[in-house]
Amino acid sequence: IKKIMDDYFLFEVDDEALAEGMFAGMLNGLDDPYSVYYTEEQYNSLIESTTGIYYGIGVTVSQDVKTGIITVVKPFEGSPGYEAGMLPGDILFSVNGEEVTGMDLTSAVTLIKGAEGTTVNISIVREGQTDYIDLVVERRQIEIPTIEYEMLENQIGYIQILQFDEITYTQYMEALAELSTAGMKGLVIDLRDNPGGRLDVVEAMLDAILPEGLLVYTEDKDGKRADEYYSDPNSVLNVPLTILVNGNSASASEIFAGDIQDFGAGTIVGTTTFGKGIVQRIYTLGDGTAVKITVSKYYTHAGRNIHEIGIKPDVEIELLEELKTKVKIEKSEDNQLQKAIEVLMQQLQ
């Protein structure tokens, strides 16, 4: 093939791009959407995204692994994406003229990110609109708010976890401490639209809630058990707990919700989660590039692997249709949240 290209290809051959395409093709041949090759730029972007600060447009996205369609989950309030008019449910069609459907999600996100103050051209498809919507969005420094919390009526604490990054554990413990000091009688933890993140962070947070016991373990391709994580008896949450989930709650979020359910430590409210029960590991290749490979399945406390199944809530309730495309939903109109609070109030009474 290389000789044919050298002898007959009309245009100049970029050997570096050729090699990157070959490596990406090898990983693509595994037919696993979670196993991918990262160029140096893509790998740096991946590392950057776990710190909680990056230069981009302030929008979280998810990808349907079957269709390859990339959808906006949430534009953060005040972000460039929010100001440009992006809404939950918008489908990303192209970035700077390059179609992103079927593209690895990290690669698509790398196209969106860039130097502060520059702009990116994004075309989206919106339900009910016949034409593409073309947006020019400024890139700015984005600090991802991984935790939001407040005290609701009747001394019900509310903590929303947007994703599990390095900074999330510290932010979570600070929120928990402040709500406890303020007299919290029950707690809602909101994992809706949380795509997951760092496993070590999830386990540390669960350790602050659950009694002593096995939290999660993995099994490799040979069925060998490894990476067992345990909670210790030093701290246990002593108030009634509900966990909110939906179809965008994935991976680490499902470990969180699944363990709460397995231990009987709280009530899961919402809709069935995404169903990602496999673990990837990143291997650097020595030249700034890397590959991410699916290496194992994970199992919750009760031995459940929920890949392509998800976590089924104890109390199932769909978000009202008219709320699904709203960027900001008032807590008083959020029917899923109100159901979670209702469950807590019944327990308190």
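This is a predicted model: local features need pLDDT of at least 70, side-chain atom pairs count only at pLDDT 80 or more; totals for chains, interfaces and linings use all residues.
Which residues touch the most other members of the largest nonpolar core? Residues are numbered from 1 along each chain as its sequence is written, and side-chain values use heavy atoms, with hydrogens and water left out.

**View 1. The largest nonpolar core.** Leu-187, Ile-189, Ile-243 and Phe-256 touch the most other members of this core, which has 35 residues. A nonpolar core is a set of buried Ala, Val, Leu, Ile, Met, Phe, Trp, Tyr and Cys residues joined through side-chain atoms within 4.5 Å; buried means under 20% relative accessible area, exposed over 50%, and partly exposed in between (1.4 Å probe, protein chains only). Two or more residues come from each of strand 11 (156-161), helix 6 (168-181), strand 12, helix 7, strand 13, strand 15 and helix 8. Helices (H or I, at least four residues) and strands (E, at least two) are DSSP runs, numbered from the N terminus. Helix 8 provides the largest share, six residues. Apart from this core lies another, of 18 residues, including Met-86, Ile-112, Val-120 and Leu-135.

**View 2. Helix 8 and its surroundings.** Helix 8 spans residues 252-263, and its twelve residues reach 17 Å from first C-alpha to last, close to the expected 16 Å (1.5 Å times one less than the number of residues). Eleven of the twelve are buried, among them Glu-254, Phe-256 and Asp-259. The buried residues pack against strand 12 (186-190), helix 7 (199-207), strand 13 (213-219), strand 15 (241-245), strand 16 (267-270) and strand 18 (290-300). Gly-264, with a positive phi near 65°, follows the helix.

**View 3. Contacts of Phe-256.** Neighbours within four places in sequence aside, Phe-256 is in contact (heavy atoms within 4.5 Å) with Phe-164, Ile-189, Leu-191, Val-202, Met-205, Leu-206, Ile-209 and Ile-243.

**View 4. An aromatic pair.** Rings of Phe, Tyr and Trp (its six-membered ring) pair if their centres lie within 6.5 Å; planes under 30 degrees apart count as stacked, over 60 as edge-to-face and the rest as tilted. The count by this rule is five aromatic pairs. Phe-9 and Phe-11 form an edge-to-face pair because their ring centres are 5.8 Å apart and their planes stand at 75°. Phe-9 is partly exposed, at 46% relative accessibility, whereas Phe-11 is exposed, at 58%.

**View 5. Charges over rings.** The charged end of Arg-225 sits over the ring of Tyr-217, 3.7 Å from its centre. Lys-276 lies over the face of Tyr-34, 4.8 Å from the ring centre. The criterion is NZ of Lys or CZ of Arg within 6 Å of the ring centre and within 35 degrees of the ring normal.
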